[in-house]
Amino acid sequence: MSFIGIISDNKTFENVKLNLMENIKNKKLNIININLKSIENIKNIKFEIIVIEANIEKFNNYMNTIKILCENAKYIIINTDLNVDISLLQNYNKNIITYGLNHKAIVTISSVTETEILIYLQKNIKDIEQNIIEVQEKRVNKKENCNLKIYEILVIYIITLIYKEEIKEEI
């Protein structure tokens, strides 16, 4: 069983969790929302992936716990548009994958319209079995009633890549 920890607001967490469960069928996932209420109870869980989709300043009293969780994770996925201080994580020999709408992010958006998004993987990354995933672009069509934010779609895309799954053509 794989543990994925997501630091985000509740709505983002629920959207990402629901879509990951639909997209990843071959792996048993336990997706946990890391928030101020849960952090004390989960400090001993070894996460395979930690996603930082919210500003971690509110975790000021728990920074050591966040550091330990990230230290023990195989992957750290960070939204670089949040101005998260990633210098805390740079000494780790981990797979750090950044995403966002800026040109420095490893995963970003090439194009976006009301009906589709073109996701751009700008740098090779490794999947869960340490195989290299090469630079690529992926077109994802948005359903008419899609309520996912761009950042949520990027997180879903990255995690499906890591687990060697294909994100649905329409989300």
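How exposed is F3, going by relative accessibility? Some notes on that residue and its surroundings follow.

1. F3 comes out partly exposed, because its relative accessibility is 23%. The cut-offs here: buried is under 20% relative accessible area, exposed is over 50%, and partly exposed is in between, with a 1.4 Å probe and protein chains only.

2. Keep in mind that this is a predicted model, where local features need pLDDT of at least 70 and side-chain atom pairs count only at pLDDT 80 or more, while totals for chains, interfaces and linings use all residues. Residues are numbered from 1 along each chain as its sequence is written, and side-chain values use heavy atoms, with hydrogens and water left out.

3. There are two aromatic pairs in the structure (Phe, Tyr or six-membered Trp rings with centres within 6.5 Å; planes under 30 degrees apart are stacked, over 60 edge-to-face, the rest tilted). F3 and F47 make one that is edge-to-face, at 6.5 Å between centres and 85 degrees between planes. F3 sits in strand β1 (residues 2–7) and F47 in the loop between β2 and β3, so the pair links parts 44 residues apart in sequence. Strands are DSSP runs of E, at least two residues, numbered from the N terminus.

4. F47 counts as buried because its relative accessibility is 1%.

5. E48 is in the loop between β2 (29–33) and β3 (49–52), and at 11% relative accessibility E48 is buried too. Its side chain makes polar contacts (N or O atoms within 3.5 Å, one able to donate a hydrogen and the other to accept it; sequence neighbours count only if both atoms are side-chain atoms) with the side chains of S2 at 2.7 Å and Y163 at 2.5 Å.

How values were computed:
Helices (H or I, at least four residues) and strands (E, at least two) are DSSP runs, numbered from the N terminus.
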